[in-house]
Amino acid sequence: MTLSEITKRLLASYARKGGINHVDGKNLPSKHVVAGITLDLLRLLFPGFFDETLIHSSEIEGVTAALLESVLTRLENEIKKSLEYAPTVGTIDSDLPALAHNLTVKFLGNLCRVREMLETDTEAAYNGDPAALSKEEVIVAYPFIEAVAVQRLAHELYLENVPLIPRIMTEWAHTRTGMDLHPGARIGTHFFVDHGTGTVVGETAIIGNHVKMYQGVGLVAKSLAAGQALRGQKRHPTIGDRVTLYAGSTIMGGDTIIGAGSTIGASVFLTSSVPPNSLVLLEATNVKIIPKASQEGYVLDFQI
């Protein structure tokens, strides 16, 4: 088959399956550009940790000013494209450049507040993990810090109803860290996810202060069978302050509330609320050690 024939077949496919084309419409934000902006935002949040070379204190003002100017220009352009794709109600095309600029400046003005939240997350990670040698190790090596930093940044844009970009940012972090933290989730201070892989936090989840989670925890909806009819509804659980969620636990439903001070054991599957200071465990019964004649050693036979 020749390239000419392949081209004709693809064009025919475009004509038949137009629902996954995006041509002759508004320009979408660039995933590549948004990824680069997000990395530069991490450089602004954690100066010296995401840079190739050491930044000396004597040059940090110039480096910061130059980086802010670059991010402002690029992010403003991507936000403008997002607003053109899904404009704010009541705006007209001539308003969009000014709106994009104002939203970008407001977002960048919130970076200091985001840094304050991330300082509590770093503290929680260091204090909560005896394997951590230093806070520097937490920032430079732990996937959690990168994932939660991007989520907190994206959440600021989500609150301003900026389309597309917040989700592009968190999905970029998802591919890098294995943690899927939706930009809509409301996450309190001193948050820490140990190990992190497989963590899922849904759009309408609410997480209190001083919450610790382990790998594979899911804060998810009970059912998405109603599809788009569920848009805007509280679908994901609320986690109170000082709650610990151990590995593989799944908490489901918008009405589900985990009371403050509670501990949810590993692999627990919850679809209903628990009161404050609860301990919820999945108990194994009738545990037997059975010798295996064909292999050395033993296996545990669990009946749950």
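**Entry 1: terms and model**

I note that the expected span of a helix is 1.5 Å times one less than its number of residues. I take helices (H or I, at least four residues) and strands (E, at least two) as DSSP runs, numbered from the N terminus. The model is a predicted one, in which local features need pLDDT of at least 70 and side-chain atom pairs count only at pLDDT 80 or more, while totals for chains, interfaces and linings use all residues. Residues are numbered from 1 along each chain as its sequence is written, and side-chain values use heavy atoms, with hydrogens and water left out.

**Entry 2: the chain as a whole**

I looked up the protein chain and found eight helices and 16 strands. Its C-alpha trace spans about 70 × 60 × 45 Å along the principal axes. I call a residue buried under 20% relative accessible area, exposed over 50% and partly exposed in between (1.4 Å probe, protein chains only). Of the 304 residues, 40% count as buried. I speak of contact when heavy atoms lie within 4.5 Å. Among contacts between residues at least 6 apart in sequence, 46% join residues at least 24 apart.

**Entry 3: helix 5**

I checked the span of helix 5 (residues 111-128). With 18 residues at 1.5 Å a residue, helix 5 should span 26 Å, and its end C-alpha atoms are 25 Å apart, which agrees. I list the buried residues of helix 5 as Leu 111, Val 114, Leu 118, Thr 120, Asp 121, Thr 122, Ala 124 and Ala 125. What covers the buried residues of helix 5? I find that the cover includes helix 2 (31-45), helix 3 (60-85), helix 4 (96-109), helix 6 (135-141), helix 7 (143-159) and strand 3 (192-193).

**Entry 4: helix 2**

I applied the span check to helix 2. Its 15 residues should span 21 Å at 1.5 Å a residue, and the end C-alpha atoms are 21 Å apart, which agrees. The buried residues of helix 2 are Val 34, Ala 35, Ile 37, Thr 38, Asp 40, Leu 41, Leu 42, Leu 44 and Leu 45. I note that what covers them includes helix 3, helix 4, helix 5, helix 7 and helix 8 (165-177).

I then looked up Thr 38, which has its place in helix 2. Thr 38 counts as buried, because its relative accessibility is 1%. Leaving aside neighbours within four places in sequence, Thr 38 is in contact with Val 150, Met 169 and Trp 172.

For packing, I use axes that are lines fitted to C-alpha atoms, for helices over the stretch in contact, with angles that run from 0 to 180 degrees between N-to-C directions. Angles under 35 degrees count as roughly parallel, over 145 as roughly antiparallel, 65 to 115 as roughly perpendicular and the rest as oblique. For residue classes, Ala, Val, Leu, Ile, Met, Phe, Trp, Tyr, Cys and Pro count as nonpolar, Asp, Glu, Lys and Arg as charged, and the others, Gly among them, as polar.

The axes of helix 2 and helix 5 cross at roughly 70° and come within 10 Å. Helix 2 and helix 5 are therefore roughly perpendicular to each other. Leu 41, Leu 44 and Leu 45 of helix 2 make the contact with Leu 111, Val 114, Arg 115 and Leu 118 of helix 5. By class, I record six nonpolar, no polar and one charged residues in this contact of helix 2 with helix 5.

Helix 2 and helix 7 pack with their axes 11 Å apart, at an angle of about 100°. That makes helix 2 roughly perpendicular to helix 7. Here Thr 38, Leu 41, Leu 42 and Leu 45 in helix 2 meet Glu 146, Ala 149, Val 150 and Leu 153 in helix 7. The contact of helix 2 with helix 7 has six nonpolar, one polar and one charged residues.

**Entry 6**

I pair rings of Phe, Tyr and Trp (its six-membered ring) if their centres lie within 6.5 Å; planes under 30 degrees apart count as stacked, over 60 as edge-to-face and the rest as tilted. The structure holds four aromatic pairs. Phe 144 and Phe 191 form an edge-to-face pair, with 5.7 Å centre to centre and 70° between the planes. Phe 144 lies in helix 7 and Phe 191 in the loop between strand 2 (186-187) and strand 3, 47 residues apart. Phe 144 and Phe 191 are buried.
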